[in-house]
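Dear colleague,

Please find below the structure I am handing over to you. I would be grateful if you could read the notes that follow with the model open beside them.

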Amino acid sequence: MLLTIASAFFFTEIKSGAFTKLFSGLVQKLWVKWELEGMVVLSLLLQLVLLWVGYHRRKQGKCSHYVAIFAWFSYVSADWVTTVALSALLKAKVKELTNELVVFWTPFLLLHLGGPSTISAYALTDNELWLRYFLGLVIQVGVAIYAYVKFGTNNTLRYSAIPMFIAGIIKYGERIWILRDASYKQFSSSAFLSTGGNTLDTIQTSDSTYNYQPQTLDEFLRDKNVIEEGKSFFKAYYLYKMYIPLFSELRLRIYRNLREKFMLSQTISAEDAFKIVQIELGFLYDKLYTKSTVLQSVKGVILQSICLLSTFAAMITFSITVGNYDYPWEDICISYLLLGGAIFVDIYLAIAHALSDWTMCHLSIPSNSVHRLVGFSITSWLVHCKAKKKGITSMAQHSLIDYCFKVKTSWWSSILSVLDIEDFWGKFCYTSWVKVNPNLKNFIHSHLQEKFKRYQNIKDEAPGEKIDKNYGEFDHEFLTTMLKERGDHVLQGKGIVFKDEFKWSINDVEFSHSILLWHIATFLLFYDDHRRCSSSVLGLHGRISKLLSDYMMYLLLARPLMLPKGIGQVRIRDTQEEMIRFFGHVKSLNNNDVASALLHRKNEFPSSLIHSKSVLRDGCKLASMLKALVEELLWDPEEKWQMIANVWIEMLVFAASKCRWKHHETHLRHGGELLTHVALLMAHFGLTENIRIMQQLSDEGQPLKWDWEQHPQMSYFLA
């Protein structure tokens, strides 16, 4: 913000001299006449653009990266344009001012600096800079008031600007309030708010065998008569409140007799589980990046009401008094445009909040006063429509071998290689998007359920199930060991001599190296099967393997900070160069031919590869080993792909367990990643090192009693 103010003042200082030298007298006269008008209208336009991109950037899909770039440009430009307009007012002289309506327009600039409701911060770092924004508020309000006094006249129009000053200062202050609440210190501290002297009651009993069974969340919601469609919103809200310490990189403790109350039920479907996770992440996104939470308090509702009423008051006053003065019609139109824009943004905020997931929680209770005001049938219909969410809907895909051919045949790749050092064009423009189908969700959900059963390690297991005798129930040491699995557990479970045959491709190399090896091997086997057989032979696990392989490749290429550290970018570069050298002058091949060529000529790679970080030769070697293994064990294609799919899901779970929540939260502004949804779903099963499942005893040795009505202090008692 301070840099924005400084650059705006610098631009204002040099623009007069620059315009004199660069442009003719006619252009200079037009600029002097329309400078403020143009700045004010452009500022309003940028606010409307921010309103749109703020809403759409929470959606993931093909255009998410372009929306993110557009959001960044609009977010930075909006503050700068508004500050330039205020700077121009500060330097202007009274006799140079040709537009008396500038007094009326000044508070709108403060209103615009407050920003729209759909975006309060572009990135997490903006939240940490809230104190700088506060200093900016002091400076900008001072400039606006100075301009108001400097150019003010005694006509009634001057006084009609006062309500807009009130609204502008409230909006700007509201933005700083939201930024401060979303900063790391305040957000993490929100889990430890004072409990008001309330404590968890203990159950006084001398019976050592007494087993206290607290009320489950489903039972609590049933007692509150929550409608069926609204239960997902309530569950997501309660879980979100509980996991605030986790989102802040803090540890969480869940007591054993409460774990079934705070974790997702083992009987919940994959679709419902992903839906709850999506709603939770929506709450987190709103908290970190938007003003949606401002209406969650009575204070916020009062301030918003004052803003809207002030704008209406200014509109009425202006409409009554403007006819008494001979102002240019275009200036009057701009004034009405500013008033209409301010009212539209406030009404949009009210409607967006009324249709938000936050409101759905309240509308799901039949006894709510809104039901009596609007009608039960209407509110129930709204909840039913919002409850149709299906969790994450799309995921990115990037095939390294496909990309090698596309880059090689691009006529302007040489130009981009100079300008685009980090290869952003290749990372995003050659990334495709596919739907996250129910089969993939079921596969991920089932795998996490199996891991939870291993973690639970129940002694009276069902026939056929195995337990680890070296560990107890919910042993944290065992959990740490289990989360380190990257595919070795799958191969050992298949009876494969893992240590001698495949350890070099999983545990003996860094994680990024392992992803590249298995990505190349999956590509080759997938299209080799596709060439030799019909696509239907690949089956469900074949398609899941390809989806997860290309997604992990996308993370390595475009989201490396979400994965464990390594030199993956160097290996990708060298592998691409080796691919291009291997196929020489061939401009394009279909994937079936590429797979056939690499599998049959795997021994023709030059010896220079020894001194390279390319993994092409080793990837081909791994594919050949898997192919030979299948022939040796007489597996059918589906069994082979089931094993490969399970290796990939273990890699996905490993990556999710190692990624810090700071990085998950960073990419929520791009629509969120499948990896983030998996990480939160794992947390709901207790499959994270930041959650400990432990015995629940009070200081006196008596079990603690949990009451769901104490949910505002939920994370306080668990962190």
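This is a predicted model: local features need pLDDT of at least 70, side-chain atom pairs count only at pLDDT 80 or more; totals for chains, interfaces and linings use all residues.

Residues are numbered from 1 along each chain as its sequence is written, and side-chain values use heavy atoms, with hydrogens and water left out.

Empty spaces

Rolling a probe the size of a water molecule over the atoms shows where empty space is left. The search uses a 1 Å grid over the protein atoms alone: a cavity is a set of points where a 1.4 Å probe fits but cannot get out, a pocket is an open set with protein on both sides within 12 Å along at least five of seven lines, and lining residues have an atom within 4 Å of a point. Grid points are joined across faces, edges and corners, and a volume is the space filled by probe spheres set on the points.

The largest pocket holds about 1100 Å³ of space. Its lining consists of 41 residues, with Arg58, Lys59, Gln278, Asp357 and Lys389 nearest the centre. Two or more lining residues come from each of α2 (25-56), α14 (270-289), α16 (329-354), α17 (357-363) and α23 (438-456); helices (H or I, at least four residues) are DSSP runs, numbered from the N terminus. The greatest contribution is that of α14, with 7 residues. By class, this lining has 14 nonpolar, 17 polar and 10 charged residues (Ala, Val, Leu, Ile, Met, Phe, Trp, Tyr, Cys and Pro count as nonpolar, Asp, Glu, Lys and Arg as charged, and the others, Gly among them, as polar).

In the whole structure there are 5 cavities of 30 Å³ or more. The largest cavity has a volume of about 130 Å³, and among its 13 lining residues Gln47, Leu111, His112, Ala342 and Val345 lie nearest the centre. Helix α16 gives the most to this lining, with 5 residues. The second largest cavity contains about 60 Å³ of space. Gln47 and His112 are among the residues that line the second largest cavity, as are Tyr75, Asp79 and Arg175. Its largest share of lining, 3 residues, comes from α3.

Helix pairs

Helices α4 (residues 102-113) and α8 (residues 162-182) pack at about 20 degrees, with their axes 7 Å apart. Axes are lines fitted to C-alpha atoms, for helices over the stretch in contact, and angles run from 0 to 180 degrees between N-to-C directions. The two helices α4 and α8 are therefore roughly parallel (under 35 degrees; over 145 is roughly antiparallel, 65 to 115 roughly perpendicular and the rest oblique). Residues of α4 including Phe108 and Leu111 meet residues of α8 including Phe165 and Arg175, where contact means heavy atoms within 4.5 Å. This contact has 10 nonpolar, 2 polar and 2 charged residues.

The axes of α29 (residues 539-558) and α30 (residues 568-583) come within 9 Å and cross at roughly 110 degrees, which means that α29 is roughly perpendicular to α30. Met553, Leu556 and Leu557 of α29 make the contact with Gly568, Gln569 and Ile572 of α30.

With kind regards
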